[in-house]
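Here is a short report on one protein model. Please keep the sequence and the 3D view open while reading.

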Amino acid sequence: MKQVTKGQWGGYDTYILHSRELEVTLLPRLGNNVIALKDLKEERQILRRPEESDLDFFMQKPYHFGIPLLIPPGRIRKGQFQFDGASYQFDQNTAGDNHIHGLHRTQAWCVSDIEEDEDGCAVTTEFNTVDDPHWMEQLPVPLKFEMTFRLQDAKLKQILKVTNLGEQRIPFGLGYHTWFMIDGEPERWNLKLPVEGIYELNEELLPSGNLLPLGDLKDLNEGKNIQGTNFDTALRIGKNQPVEALLLRDDGYGLRYTADENLFRHWVLYTKGPADQFLCIEPYTWLPDAPNVSPDPEFTGLLTLEPGHSIELSTTLEMIHPNH
């Protein structure tokens with residue numbers, strides 16, 4: 001059962017990790033996305049999964065499915081920022097000529113390792129930014145990415161290692177735009193998310209730099225019912241709060257989503273209108289527009305990646321089965 005098999009989606013190879021509890025489908029050649037996560041005990045799709053007929057839309061907006069990787073996450077005002085005296089210009093690809101959701105889209109990653117053992121299975125993939133000329137036009141410092149997906153029982157762990165192969169330090173931010181299904185039954189689902197404040201956003205959904213009280217969202221800390229919510233909301237994790245989201249159905253079934261507490265400072269919640277089919281629970285290291293919002297990395301979560309240095313970022317998704 002604990003094995004990796006190959007499949008196809010839209011004419012591209014997929015790699016499928018298997019355990020008794022879960023089936024995880026990776027699409028390395030189109031952005032290294034987890035495009036499907038099936039709960040075998042519940043016979044249920046956990047994530048918003050693209051159909052093969054969605055291929056054209058997926059190529060345009062791959063961050064609308066699965067667990068897409070955002071480097072960096074969120075919006076950047078006019079796509080412009082400065083860091084260490086260098087000026088950067090990212091694509092102006094959203095309303096107001098701002099930039100959204102980073103340089104990582106549908107780049108081809110290669111599979112470098114597959115492991116199968118008694119405990120579980122794993123696939124490791126790699127991508128070098130020098131292989132993408134358009135990436136290098138926007139961020140002209142060579143980076144190497146290595147992602148390991150490890151499946152053990154009902155737990156999927158993702159570890160991303162980023163190495164700066166260049167000669168100058170750069171600002172770095174990362175997020176995952178994770179699409180969880182709530183099956184058209186928002187009233188059955190509760191979200192517990194330890195947070196301390198809401199980032200004020202302007203009319204272009206860019207952070208103002210102000211942190212607001214939670215107000216009606218205070219009950220996220222104890223567990224909030226999803227019925228009637230309409231989220232496009234950036235939230236701050238407090239210093240002594242765990243980086244943990246707990247999404248539970250009224251029968252006790254659900255999931256726990258955690259991230260490295262030393263690196264992830266923010267959550268974004270998104271429902272794509274009033275909550276119905278999806279709840280995106282998005283862990284971010286940096287606040288959207290981080291280089292322009294504040295020079296304080298303690299506030300924004302902006303990471304600095306020195307020449308020759310690496311950083312590892314991990315997230316874990318664990319299913320909760322009350323009857324097993």
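The report covers the basis of the model, a sheet, the cysteines, a loop residue and the nonpolar cores.

## Basis

This is a predicted model, in which local features need pLDDT of at least 70, side-chain atom pairs count only at pLDDT 80 or more, and totals for chains, interfaces and linings use all residues. Residues are numbered from 1 along each chain as its sequence is written, and side-chain values use heavy atoms, with hydrogens and water left out.

## An open sheet

Five strands form an open sheet in the order 1-2-3-4-5, with antiparallel pairing. Strands are DSSP runs of E, at least two residues long, numbered from the N terminus. Two strands pair if DSSP finds at least two bridges between them. Strand 1 (3-9) and strand 5 (44-45) stand at the edges. Each has a single partner strand, so one side of each lacks a neighbour in the sheet.

Inside the sheet, six bridges join strand 3 (residues 22-27) and strand 4 (residues 33-39) in the antiparallel sense. Leucine 26 faces valine 34 in strand 4.

## Cysteines

A disulfide is a pair of cysteine sulfur atoms within 2.5 Å. By this rule the model has zero disulfides. For cysteine 110, the nearest cysteine sulfur belongs to cysteine 121 and lies 19 Å away.

Cysteine 110, at 36%, is partly exposed. Cysteine 280, at 0%, is buried.

## Aspartate 276

Aspartate 276 sits in the loop between strand 25 (266-270) and strand 26 (278-284). Its relative accessibility is 37%, which counts as partly exposed.

Which residues does aspartate 276 touch, not counting those up to four places away in sequence? They are Ile182, Asp183, Gly184, Glu185 and Pro186. Contact here means heavy atoms within 4.5 Å. Aspartate 276 and glycine 184 are 92 residues apart in sequence, yet their C-alpha atoms are 4.6 Å apart.

## Nonpolar cores

A nonpolar core is a set of buried Ala, Val, Leu, Ile, Met, Phe, Trp, Tyr and Cys residues joined through side-chain atoms within 4.5 Å. The largest has 77 residues. Phe145, Leu191, Tyr257 and Ile281 touch the most other members. Strand 13 (residues 143-152) gives the most to this core, with five residues. A second, separate core has 10 residues, including Tyr63, Ile100, Tyr199 and Leu287.

Leucine 191 has contacts beyond its neighbours within four places in sequence. Among them are Leu220, Ile226, Leu247, Leu269 and Ile281. Gly223 and Lys224 are also in contact with leucine 191.

Methods. Helices (H or I, at least four residues) and strands (E, at least two) are DSSP runs, numbered from the N terminus. Buried means under 20% relative accessible area, exposed over 50%, partly exposed in between (1.4 Å probe, protein chains only).
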